[in-house]
Amino acid sequence: MIRLDREQARRIAVRAQLLDARRPGSLAEVVEELSLLQVDPTAAVAPSVDLVLWSRLGDAYEHSDLTFALETERSLAELSSYVRAMDDIGLLLAVAPHELHPTIHDWLAANQRFRSDVLALLEAEGPRTAAEIPDTCAAPWASSGWNNDKNVNRLLEVLTLTGDVAITGRRGRLRVYDLPERVYPGDLDVPAYDEARAALDLREQAALGIARTGPGEPARVDGCEGEWRVDPDALAAADSPFAGRCAFLSPFDRLVHDRARTLDLFDFEYVLEMYKPAASRRWGYFALPVLHGDRLVGKLDAKADRRAGVLRAHALHEDLPWEPEVGDAVDAELVGLADWLGLELVRG
């Protein structure tokens, strides 16, 4: 059984997520290496996809780069709540229909006329947002409340996963849907399920470097209970020299999205507190985890006030007292964040 100390394990995770001192060369490289970018509408500082890309690419990244890749170049695609490389779409469409819950298949079967109406409208009239598509649902979708009375949205979400429609772009925050042959390449390869599932599992493991489950080499991490799985390429580089940097992370960043893994490897406690009452928050509405080297060292509580033209840095929470070089690096990154946003930095 391979044994790693926690420093080695952390560095494997940081390198895999392109958060060491090396900067990737392009937006396409970031998405290829990370395998996915989670889309979330919250923009207290900036949308999550933009924060993830800025934390890797720095000032070389602009939001228009992502829009160009999605809507003009078509090198990337949005599927469900993630931005993916277009080259991965065939794998995802091979897997997703098989992994939908049986109740979703039943609901779709009960609404074949609804499905046909939507596809016919898109074919005849072109791209549409959900609000521009009539609800002809025969069997309404029932949920605990979040998706009640959102039959069109729900159907479009399911049809993107089955490959019957595709997201062609956005109008503001609204997704725009079209037929897949107008969005995806004509030579899109959709392999068999088992082949696609195995390929996606390998992609995700490489993007994480180390995880509790998945393919890869079994390993133990000192100070952590249980077994881990490590990407073989990441393991081979585990003892190579490591150079880190400072970065602010989206709460949805894949380095920290698994809170239990983050606690195990980084001894870093984090909860997204936007759903908590203000009086119950310890770190802030949309606090950004702070990475320095191979350690997560604190949280930034900040909010972009675009109307006033300022980035308000309410607080920097230090998990442990920072050495001067850590404080200097965090301060420089904060100034860089404000400059990238085009806002004046206001502290406190």
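This passage describes a sheet with its packed helices, then the aromatic rings, in a predicted model.

Three strands form an open sheet, in the order β2-β4-β3, with antiparallel pairing. The edge strands are β2 (37-38) and β3 (76-79), and each pairs on one side only. Strand β4 covers residues 82-85 and is joined to β3 by four bridges. Within this antiparallel pair, L79 stands opposite Y82 of β4. Helix α2 (residues 27-34) packs on the sheet and touches β2, β3 and β4. The direction of α2 makes about 100 degrees with that of β4. Helix α4 (residues 63-71) also packs on the sheet, touching β3 and β4. Its direction makes about 85 degrees with that of β3.

The structure holds six aromatic pairs. One of them joins W54 and W340, whose ring centres are 5.3 Å apart. Their planes meet at 15 degrees, so the pair is stacked. W54 lies in helix α3 (residues 48-57), and W340 lies in helix α12 (residues 324-341). The pair therefore ties together parts that are 286 residues apart in sequence.

W340 also pairs with Y61. Here the centres are 6.4 Å apart and the planes are at 35 degrees, so the pair is tilted. Y61 lies in the loop between α3 and α4, so its pairing with W340 ties together parts 279 residues apart in sequence. W54 and W340 are both buried. Y61 has 1% relative accessibility and so counts as buried.

Charged side chains also sit over rings. R154 lies over the face of W141, at 4.6 Å from the ring centre. The charged end of K299 sits over the ring of W283, 4.1 Å from its centre.

Methods
Residues numbered from 1 in each chain as written. Predicted model: local features only at pLDDT ≥ 70, side-chain atom pairs only at ≥ 80, totals over all residues. Heavy atoms only, no water. Pairing = 2+ DSSP bridges. Helix = DSSP H or I, 4+ residues; strand = E, 2+ residues; numbered from the N terminus. Contact = heavy atoms within 4.5 Å. Axes fitted to C-alpha atoms, helices over the stretch in contact; angles between N-to-C directions. Phe/Tyr/Trp six-rings, centres within 6.5 Å; stacked < 30°, edge-to-face > 60°. Buried < 20%, exposed > 50% of the residue type's maximum accessible area, 1.4 Å probe, protein only. Lys NZ or Arg CZ within 6 Å of the ring centre and 35° of its normal.
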